[in-house]
Protein chains: 2
Amino acid sequence: MRFGSYRVDIPFDQLKRYKRLLLQFPAGLKVYAREIADVIEERTNSEVFISADPCFGACDLAIDLAKSIGADALIHFGHLPIPNLKIDFPVIFVNAVMDMDVQKVSEKIYRNVREKSINLVTTAQHIDFIHSIKRNLESQGFLVDIGEGDDRISKPGLVLGCNFSSALHGNANSIVFIGTGNFHPVGVSLVTSKPVYALDPVSMKIKMPEEIANEKDKLLKKRYSLIALSKDANKFGIIISSKIGQRRLELATRLKEEIEKMDKDAHLLVLDNVSPSLLRDFGKFDCLISTACPRIAIDDYDNFDSPILTPIEFEILVGRREVNKYVLDSIS
Amino acid sequence: MRFGSYRVDIPFDQLKRYKRLLLQFPAGLKVYAREIADVIEERTNSEVFISADPCFGACDLAIDLAKSIGADALIHFGHLPIPNLKIDFPVIFVNAVMDMDVQKVSEKIYRNVREKSINLVTTAQHIDFIHSIKRNLESQGFLVDIGEGDDRISKPGLVLGCNFSSALHGNANSIVFIGTGNFHPVGVSLVTSKPVYALDPVSMKIKMPEEIANEKDKLLKKRYSLIALSKDANKFGIIISSKIGQRRLELATRLKEEIEKMDKDAHLLVLDNVSPSLLRDFGKFDCLISTACPRIAIDDYDNFDSPILTPIEFEILVGRREVNKYVLDSIS
């Protein structure tokens with residue numbers, strides 16, 4: 001079925017076996033939530049509830065919410081499953097595939113990419129088109145690779161904000177990211193050190209490797225300055241997300257032990273949605289370390305009252321990792 | 001032990017039996033969270049985690065959060081337990097008692113209250129002093145009653161944002177509320193129709209019944225205007241909180257049925273912390289009905305894009321309740 005510029009294939013027959021369903025959508029799909037709820041109620045006999053909590057990825061499954069209302073399944077829209085996540089509740093993943101002019105996207109790539117061998121990566125909403133693009137590029141004489149990714153990655157070529165493993169595989173000389181924003185291409189650039197192109201399939205604008213490298217340098221400068229600001233930190237707050245796919249308890253408790261061995265303060269702060277204003281209630285921390293979604297420290301640092309580091313950056317802070325071995329934090 | 005102007009009696013011996021504890025605090029106590037965590041770690045062998053999620057009352061127990069980190073008990077600070085709440089997890093309630101000059105408070109009351117019989121009500125942080133105040137007032141010739149409350153109320157004289165039952169009991173001619181803000185005294189005034197005095201034990205300012213009645217009129221005017229704005233509503237959003245003590249599923253599904261029988265749209269929206277911005281993602285609702293904490297519709301209506309009603313106000317909207325039978329929504 002079509003909702004706006006998305007194709008969403010709802011497995012009605014599968015849903016019929018459940019009495020009460022909780023539907024979960026990322027922010028961009030919530031505008032279709034009521035329409036989708038109506039269609040499901042019409043075509044099944046299920047009672048349908050909609051989660052209005054924030055939803056940031058397949059790491060963020062509203063299982064507790066579903067249980068709290070006595071639902072017997074969660075329908076999670078807009079992300080692909082995370083294969084190595086242990087889930088003790090029926091979750092049905094329904095991807096939302098955004099319209100794409102595959103011909104135009106392919107052309108844009110082969111007119112701009114200078115290398116002759118390419119590793120293609122993208123996000124869930126575009127993943128269905130990646131093989132057509134590969135074929136188009138191959139017919140133009142390119143060598144195209146689509147990497148497998150590790151156990152957190154369900155489809156070849158998929159990258160997540162917390163996992164760029166599919167970009168690491170294969171022998172291509174360049175990487176082409178299809179999607180929006182700088183976070184993914186910069187992350188890919190950091191892990192691969194190869195030229196990275198970023199093509200936005202909506203605006204059809206392409207960012208060249210120089211631009212991505214420039215963004216990477218800006219990010220690194222910012223991150224090094226936050227690490228420097230934390231040099232004399234004595235009071236650490238270690239952030240743990242309760243979200244099923246972001247919860248890194250062992251890492252967090254290990255960090256606490258390590259900090260306390262240095263005779264400094266460390267406290268473990270658990271929460272669902274990490275927000276600067278919620279942490280503000282506790283008073284001043286000299287440094288926050290986020291073991292939750294890696295994007296929080298990178299995208300939102302400016303809103304926190306204290307420097308906020310990733311666990312990787314903490315390793316640099318305490319000298320366990322060399323400065324030039326900087327990578328983005330990842331979850332595997 | 002003392003933390004700022006609070007007395008907090010932590011049952012260390014009881015806590016020793018747990019390996020991993022999650023501590024939960026309302027916003028105003030979070031500033032002492034790290035100090036309290038340190039004391040507990042020192043005096044027990046427990047590993048201590050702090051919840052950084054919002055916490056609005058004893059209705060809002062971080063049990064799922066505690067389970068998510070493998071804690072074996074939740075220590076909930078700053079509220080009294082809700083006796084009729086079914087809880088399947090060890091929760092230890094530790095109240096935080098705010099300092100009070102009982103003599104001064106008693107004097108302020110007997111110098112200002114015109115009636116000779118008084119029903120005393122207050123909130124958790126002041127409840128420990130209510131019997132001393134009663135004795136002081138009695139020695140001045142007042143008849144003082146402290147009402148028992150229903151099964152949601154753990155101590156005589158306690159009022160909650162969702163439950164004023166302790167104000168209903170007894171035969172006093174007036175009610176004295178000890179605490180801050182207008183919400184509770186206005187609520188008490190609405191359920192009892194008696195003169196209500198509100199004494200803030202911090203500022204030592206007393207609001208006389210005329211002032212509370214005035215606040216009540218303002219509130220009623222606002223509420224009637226929101227009901228009027230919803231007269232032609234076709235698209236309803238019914239808000240359900242997933243919080244253990246705010247979750248009114250049956251009420252919500254009954255409302256949905258009732259609205260659909262009127263040939264109008266109704267969708268069930270479940271979330272943990274009800275926030276206007278989260279609801280905005282869904283697009284326009286003509287009217288929201290909140291079955292969550294009764295204070296959300298009353299305190300926050302101005303931040304929502306649609307009129308937000310309580311279930312009681314919905315009854316007025318559809319003619320199931322007379323306009324002059326308005327009461328605040330309550331949970332019992």
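Rings of Phe, Tyr and Trp (for Trp, its six-membered ring) are taken to pair if their centres lie within 6.5 Å. In this predicted model, Phe3(A), Tyr6(A) and Tyr32(A) together make up one aromatic cluster.

Counted over all chains, the structure contains 12 aromatic pairs. One of them joins Phe236(A) to Phe314(A) in an edge-to-face arrangement, with 6.0 Å from centre to centre and 90° between the planes. This pair links distant parts of the chain, since Phe236(A) belongs to strand E13 (residues 235-241) of chain A, while Phe314(A) belongs to helix H12 (residues 311-317) of chain A, 78 residues apart. Phe236(A) and Phe314(A) are both buried.

In chain B, Phe236(B) and Phe314(B) likewise form an edge-to-face aromatic pair, for which the centres are 6.0 Å apart and the planes stand at 90°. Here too the pair connects distant parts of the chain, with Phe236(B) in strand E13 (residues 235-241) of chain B and Phe314(B) in helix H12 (residues 311-317) of chain B, 78 residues apart. Phe236(B) is buried, as is Phe314(B).

| Charged residue | Ring | Distance to ring centre |
|---|---|---|
| Arg34(B) | Phe285(A) | 3.8 Å |
| Lys116(B) | Phe142(B) | 4.1 Å |

The charged end of Arg34(B), a residue of chain B, is placed over the ring of Phe285(A) in chain A, whereas Lys116(B) lies over the face of Phe142(B), with both residues in chain B.

Terms used:
Residues are numbered from 1 along each chain as its sequence is written. Chains are lettered from A and ligands numbered from 1 in the order in which they are written. This is a predicted model: local features need pLDDT of at least 70, side-chain atom pairs count only at pLDDT 80 or more; totals for chains, interfaces and linings use all residues. Side-chain values use heavy atoms; hydrogens and water are left out. Rings of Phe, Tyr and Trp (its six-membered ring) pair if their centres lie within 6.5 Å; planes under 30 degrees apart count as stacked, over 60 as edge-to-face and the rest as tilted. Helices (H or I, at least four residues) and strands (E, at least two) are DSSP runs, numbered from the N terminus. Buried means under 20% relative accessible area, exposed over 50%, partly exposed in between (1.4 Å probe, protein chains only). A charge sits over a ring if NZ of Lys or CZ of Arg is within 6 Å of the ring centre and within 35 degrees of the ring normal.
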